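Please open the model in your viewer and keep the selection panel at hand. The stops below can be taken in order.

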Amino acid sequence: MMDASRDNFIQRCIEPSCQTTFALNDRIYICSHCGGLLDIELTNHSPGGHALESEWRARLSSTDRWDRSGVWRFRELLPFSADVEIITLKEGNTPLYDAARSAEYCGLNSLQLKHQGLNPTGSFKDTGMTVAITQAKALRSTLAVCASTGNTAASLAAYAARANMPCAILVPAGQVSLAKLAQALDYGARVLEVEGNFDACMQLMLEVADEETIYLVNSINPFRIEGQKTVAAELAEQLSWKVPDHLFVPGGNLGNSSALGKGFRELLSYGLIDRLPRITVVQAEGASPFARFFAQQTSAGSQSVEFVNEEEPTTLASAIKIGAPVSWKKAWRSVQESQGQVITVTEQEIADAKAVIGRDGVGCEPASATTVAGIKKLVASGFVKSDDSVVAVLTGHVLKDTDYVINYHNQTLRSTTDIRSNFRNKPLHVASSRQSLKETLARVRDESGYL
Ligand code: F0G
C-alpha cells in the first residue's frame, strides 16, 4: 500500500524570480524574502497514477477514518505522514448532480453541479479547513484565526472545536448572513465584529498574523489550498477520469479557483488525466477586480497589466463581496494555463440562476449561482458549446442565506436597483377551511400542468 510522506513536500514562493523554499513546519503565509504567495510542492513522485486510482477507489469501501474523509482518502497528494493526528468531520464526498433545468436555462444539452455546499458545515471551506487545522495542531498553535464573509468562519469554528483549539474570527459587522454567524457562535468561536468590509478584516488579520501564537487559516495559507485541491481528484474520479471541457467556479478571495487549478495540474502530472478543464472564474459585477484584470490583460497581449483592487465592492452575494483578493496570482495561473476566462454577472442574473438551481431540487447560496449565470452568458457568447461537458462548482448550501431566498420569492430583493423575480414562487394564502384548501390544491395541480 502506498502512503503519504511529509518528507516529499516543501513550501515554495510562486514568484518566478524568487522561488525561495521553506520547510513545512515554518509557520509562514507569504514568502519572507519577497512577499510572494507560497505553494506546497511535491518534490519527488513517480507518475504512477493508475496505481493511485485503484488505491483511492479501494478506500471507498473502508471504514478507516482517513478513508471516510473525501479529502484524506487522497492523502498521497497531501503534505502529511501517516502518524499525524488528522482533524476531520468526514468532509468531501460531495455529490455531482445532473441538472436538467439548469442545463436548459443555460442552453446546454447537459450540465453537472458539484455540490460543495453539502460539506459538514455547508460550504466548500471544509475541504481546506480539515488540512489547515490538522497543520495548526501539528504546529501546536494555541489560537486559530481568520477573516471571513461567513463560511470560512463557520468552518474554522467547527474544526477548531473538533481539535479542542480556541479560535477567533473577524467579520464585517452587519454584512454576514445570520445563518453563518449562528453556526460560528454555536460551534464556540469567538466572533469579533469590525466596522468595515471583508477586505479591511483580511488586512487587519494579515497585520497580526506573524505573531508566534496565532495561526491564520484564510486561503492565503497554502495548507487550505492543499485540502481544497483534492476536490479535483474527487470530481475527476466521479467522471471516470474524463475531465469536463469546462469548469465554472465563483471568485471572491480566489482561493478556490487557485486550488482547483493546482489539483488538476497535479492530476495531469500523475498521468491520471490527459488534459485540463478550462477553468472559468465568475465574479459579481460589483465585486470584480479579477474580471477587470483579465479583460485588460487579454487586450494588452504580452504587456503586463497592474492588478487594481476594487475599493467599494458591492453585491448581495455577500460571500464574494471582496475587492482585494489575496490569491489572485494563483487564480490567474489556473485560468491562464487552462485557457479559461474571468467574467462578471449582474445581480439580476445571479438571482435568477439561483432560483433555477433551486428548481433542479438542488439549491445553493447566491455566490454559488454566479456559476450557472456565467455559463449561460458564455454559451450565448459561443465560448461554451451546447454539447460541451460542463461542471459548475456550487460552493454553499441553500440554507446559508435564507433572507435572500425569501426576499426573491416575495419580490422584495433589492440591490442598487430592484431585482425582478423572474422565477418567483409566491406563498399562497389559504383560508382556514376544508373547502378553501380543496380548491387551492386543485388550482395548484391544474397550474402545474403535470399529467
Ligand atoms: N462561494 C462561497 C459560498 C464562499 O463563501 C466564498 C468565499 C466563495 C464562493 C469565493 O471563494 O474566496 O475562494 O474565491 N468565502 C470566503 C469566506 C471569503 O470568508 O467565507 P474564494
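Predicted model: local features only at pLDDT ≥ 70, side-chain atom pairs only at ≥ 80, totals over all residues.

Residues are numbered from 1 along each chain as its sequence is written, and side-chain values use heavy atoms, with hydrogens and water left out.

Colour by secondary structure, with helices (H or I, at least four residues) and strands (E, at least two) taken as DSSP runs numbered from the N terminus.

Next, show atom-to-atom distances at the ligand. A polar side-chain atom of Lys125 lies 2.9 Å from a ligand nitrogen atom, a polar backbone atom of Gly252 is 2.8 Å from a ligand oxygen atom, and a backbone N or O atom of Gly255 lies 3.0 Å from an oxygen atom of the ligand. Of the 470 Å² of accessible area that the ligand has on its own, the protein covers 99%, with areas computed by the Shrake-Rupley method and a 1.4 Å probe.

Now select Gln19, in the loop between strand E1 (9-13) and strand E2 (21-22). Its phi is near 55 degrees, a positive value in a residue other than glycine. Gln19 is partly exposed, with a relative accessible area of 38%; on this scale buried means under 20%, exposed over 50%, and partly exposed in between (1.4 Å probe, protein chains only).

Move on to Gln339, in the loop between helix H11 (328-338) and strand E12 (342-345). Gln339 also has a positive phi, of about 60 degrees, although it is not a glycine, and with a relative accessible area of 51% Gln339 is exposed.

Finally, select the cysteines: how many disulfides are there? With a disulfide defined as a pair of cysteine sulfur atoms within 2.5 Å, the count comes to zero. Cys18 is in no disulfide, and the nearest cysteine sulfur, that of Cys34, is 3.7 Å away; Cys18 is partly exposed, at 22% relative accessible area. Cys106 is likewise in no disulfide, the nearest cysteine sulfur being that of Cys364, 12 Å away, and at 3% relative accessibility Cys106 counts as buried.

Key. Polar contact = N/O pair within 3.5 Å; in protein donor to acceptor, adjacent residues only side chain to side chain.
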